[in-house]
Amino acid sequence: MTRRQASVTRHGSGSFTLSGVLNSKSKSSPLLSIFIVLLGAILLVIYAFGGSGLLGGKKDVVNRIEGDFSCTFEVPNAIPVLKNAYGGSMKNVLHVGPESCSVVSKLLSEGETEAWGVEPYEIEDVDRKCKALVQKGIVRVADIKFPLPYREKSFSHVVVSDALDYLSPKYLNKTLPDLARVSADGIIIFTGYPGQRRAKVAELSKFGRPAKMRTSSWWKQFFTDTSIEENESASKNFEQAASKMSYKPTCQIFHLSSYH
Ligand SMILES: *[C@@H]1O[C@H](CO)[C@@H](O)[C@H](O)[C@H]1NC(C)=O
Ligand SMILES: *[C@@H]1O[C@H](CO)[C@@H](O)[C@H](O)[C@H]1NC(C)=O
């Protein structure tokens, strides 16, 4: 009697190649796929019932998911607009923020762009694709309160979403200049509007501090204080591309220059 075995292919942890990421997609065995789909369905059911019990309605569950990291969910939609606005200069992009795997996957799927990610918090319940990105070192978990593990100007652009909203001014003073340090041609910040989200109790323990949404004038003052300049022409290009492509951001988006 023969037994079928699910074989799992492991890539060498040192390989950084884009083709490696793309190949890993096609290597799932049918058995494993079925198991994952089943597991996903079970988890969904548990989540939906657990959620409705706690929050009193499915609608609240949906709102809660969308409300978690609203600006990060916006980044994939904004990527084509960013590419349009920045032209060919978006060569290698670092995304910093929660759900970094999905942003990096989206960037990679666009082609012509290399992408890396920093996930500021522990990664939980990730899918296989995300695990592969982490194993290859393309997405890393790193506390952004400390200097990022990259050399100066390692990336053409840094895109940061939501993550800064959890930092107090003391840490922001260090983190934003560090984002400028690792980028060569610009930083793009996606951040919520004040009053857009309320901190949830569950988030408090995970992030140590509730998200604080700052006004546009607060940010502008902060950029001035930390000697980081807004890139007016990039902002203008982005607005033009956005209206051309009928993209309406629901978050504040700032375009900053890197240090020179
Ligand atoms: C952050 O840096 C600015 C400018 O250097 C300074 O005025 C401000 O006091 C700093 N804030 C904190 C909390 O360290
Ligand atoms: C501002 O952004 C544009 C792309 O829109 C870029 O060509 C230019 O070099 C940037 N300027 C600075 C000072 O970073």
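How are α4 and α5 oriented relative to each other, roughly parallel or roughly perpendicular? The axes of α4 and helix α5 (residues 100–109) cross at roughly 5° and come within 9 Å. α4 and α5 are therefore roughly parallel to each other. Axes here are lines fitted to C-alpha atoms, for helices over the stretch in contact, and angles run from 0 to 180 degrees between N-to-C directions. Angles under 35 degrees count as roughly parallel, over 145 as roughly antiparallel, 65 to 115 as roughly perpendicular and the rest as oblique.

This is a predicted model, in which local features need pLDDT of at least 70 and side-chain atom pairs count only at pLDDT 80 or more, while totals for chains, interfaces and linings use all residues. Residues are numbered from 1 along each chain as its sequence is written, and chains are lettered from A and ligands numbered from 1 in the order in which they are written.

Start with the whole protein. It has 10 helices and six strands. Helices (H or I, at least four residues) and strands (E, at least two) are DSSP runs, numbered from the N terminus. Of the 260 residues, 29% count as buried. A residue is buried if 20 or more other C-beta atoms lie within 10 Å of its own, exposed if 12 or fewer, and partly exposed in between, with C-beta atoms placed from the backbone. Among contacts with a separation of 6 or more, 69% join residues 24 or more positions apart. Two residues are in contact if their C-beta atoms, placed from the backbone, lie within 7 Å.

Thr-72, Val-75, Pro-76 and Ile-79 in α4 meet Ser-102, Val-103, Lys-106 and Leu-107 in α5. By class, this contact has five nonpolar, two polar and one charged residues. Ala, Val, Leu, Ile, Met, Phe, Trp, Tyr, Cys and Pro count as nonpolar, Asp, Glu, Lys and Arg as charged, and the others, Gly among them, as polar.

The axes of α5 and α6 are 10 Å apart, and the two helices pack at an angle of about 85°. That makes α5 roughly perpendicular to α6. Cys-101, Val-104 and Ser-105 in α5 meet Lys-129, Cys-130 and Leu-133 in α6. Four of the residues in this contact are nonpolar, one is polar and one is charged.

The buried residues of α5 are Ser-100, Cys-101, Val-103, Val-104, Ser-105 and Leu-107. They pack against α4, β1 (92–96), β2, α6 and β3 (139–141). Just after α5, Gly-111 takes a positive phi of about 75°.

Next, look at Val-126. Val-126 sits in the loop between β2 (114–119) and α6 (128–135). Is Val-126 buried or partly exposed? Val-126 is partly exposed, because 15 other C-beta atoms lie within 10 Å. Setting aside residues up to four places away in sequence, Val-126 touches Cys-101 and Lys-131. Val-126 and Cys-101 are 25 residues apart in sequence, and their C-alpha atoms are 8.9 Å apart in space.

Now go inside. The largest nonpolar core has 48 residues. Such a core is a set of buried Ala, Val, Leu, Ile, Met, Phe, Trp, Tyr and Cys residues joined through C-beta atoms within 7 Å. Leu-82, Val-104, Val-158 and Val-160 have the most contacts inside this core. Its largest share, eight residues, comes from α4.

Val-158 leads on to Ile-187. Beyond four places in sequence, Val-158 touches Leu-94, Val-96, Leu-179, Val-182, Ser-183 and Ile-187. Ile-187 lies in strand β5 (residues 183–191). Ile-187 is buried, because 24 other C-beta atoms lie within 10 Å. Apart from neighbours within four places in sequence, the contacts of Ile-187 include Val-160, Leu-256 and Ser-258. Ile-187 and His-255 are 68 residues apart along the chain, yet 6.0 Å separates their C-alpha atoms.

Finally, the ligands. Pro-169, Lys-170, Asn-173, Asp-225 and Thr-226 are the residues around ligand 1, where a residue is near a molecule if its C-beta atom, placed from the backbone, lies within 6 Å of it. Helix α7 (residues 169–182) gives the largest share of this shell, three residues. Ligand 2 is surrounded by Ala-85, Tyr-86, Gly-186, Asn-231, Ser-233, Ala-234, Asn-237 and Ser-257. α4 (70–86) and α10 (232–244) are the elements that give two or more residues to that shell. The shell around ligand 2 has three nonpolar, five polar and no charged residues.
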